[in-house]
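Here is my note on the model you sent. The points run from the whole chain down to single residues.

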Amino acid sequence: MTMGKQFISGTIDTGSFELVVFGASCTSCGVAAHYNPTLSGTFEEGTLTTSQNYGSGETYCYEGFEQVSIGPYPPKRQMFWEVIQAQMPVLEQAAFEAIIGVRPAEQPLVQVWHEVEYYVKDLTSYYEQAMMAPQQAIDAAEDMVKIAIKLGSELPMLHTWSIPQFSICMGARNGADGIIVWNDTTPFDEPALFTKVPVIGSLQSWSANLTVPALTYLGSDGNATSLGCDSG
């Protein structure tokens, strides 16, 4: 991936939908701190700040805009979060400098608007009792509304390049490279090769009910064969 002509290595995250980049000025980002907006002639500073929570830790970010390209796709203006502080021990030896979220964006948008509803109800509860709301409650509600509107108006990366589907191929051998195919049409071109698994839950997510899953198939000799890029 390139950002303002700087090459950035990223890790694909199916649990988030935003582009999060570790800034060179982040002293707590370990070896992942790489992107330098001062070296880019196309960087635009945003107005929002936020925190991102992952299974491996938490980041604190500033909003920014940059010309971003990924894979075969040409540079386009993309909103992203620049990490300025992090509490993620994995960054000390990380092989990536950005987190590329590819999760469907609809569910997080529903969640953030539910949070807006919570903060607005908290704020209006003061007025319903003929009381002046504390400035902290006003600021919290205002910030959440701004974030919700921003997330709804700025396209996530996959939407920017009109990528409605992608596939991931994992090598069968230990340590083998994986391959990501953007806009993979094979499931539509060769539907007989695939089995559709229903998504559970009321919102779009990656959740599916699987029983004893395995990346294998039975060959003509009745033996199980591992699936992977090198075996077809």
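**Notes on the predicted model**

1. Surface first. The accessible surface of the protein is about 14,200 Å², and carbon and sulfur atoms hold 55% of that area. Please keep in mind that this is a predicted model. Every value below is computed from it.

2. Overall make-up. The protein has four helices and 12 strands. Of its 232 residues, 33% are buried.

3. The disulfide. How many disulfides does the structure hold? The count is one. The partners are Cys26 and Cys29, with an S to S distance of 2.0 Å. The link between Cys26 and Cys29 is right-handed, with 75° about the S-S bond. Are Cys26 and Cys29 buried or exposed? Both Cys26 and Cys29 are buried.

4. Cys61 takes part in no disulfide. Its nearest cysteine sulfur belongs to Cys29, at 8.6 Å. Cys61 has a relative accessible area of 2%. Cys61 therefore counts as buried, as Cys26 and Cys29 do.

5. A nonpolar patch. Which residues make the nonpolar surface patch of about 260 Å²? They are Ile168, Met170 and Ile180. Ile168 belongs to strand β9, which covers residues 166-170. The relative accessibility of Ile168 is 48%, so this residue is classed as partly exposed. The cut-off for exposed is over 50%, which is why Ile168 does not count as exposed.

6. The loop at Ser56. Where does Ser56 lie? Ser56 is in the loop between β5 (44-54) and β6 (57-70). With a relative accessible area of 39%, Ser56 is partly exposed. That value falls between the 20% and 50% limits, so Ser56 is neither buried nor exposed.

7. Partners of Ser56. Leaving aside residues up to four places away in sequence, Ser56 touches Gln87, Met88, Pro89 and Val90. Take Met88 as one of these. Ser56 and Met88 are 32 residues apart along the chain, yet their C-alpha atoms are separated by 5.9 Å.

Conventions. Residues are numbered from 1 along each chain as its sequence is written. This is a predicted model: local features need pLDDT of at least 70, side-chain atom pairs count only at pLDDT 80 or more; totals for chains, interfaces and linings use all residues. Side-chain values use heavy atoms; hydrogens and water are left out. A disulfide is a pair of cysteine sulfur atoms within 2.5 Å. Buried means under 20% relative accessible area, exposed over 50%, partly exposed in between (1.4 Å probe, protein chains only). Helices (H or I, at least four residues) and strands (E, at least two) are DSSP runs, numbered from the N terminus. Accessible areas come from the Shrake-Rupley method with a 1.4 Å probe; for residues, only the protein chains shown count as cover. Patches are made of residues with over 30% relative accessible area and no salt bridge: like charges are joined within 9 Å, nonpolar side chains (Val, Leu, Ile, Met, Phe, Trp, Tyr) within 5 Å. A salt bridge is a side-chain nitrogen of Lys or Arg within 4 Å of a carboxyl oxygen of Asp or Glu. Contact means heavy atoms within 4.5 Å.
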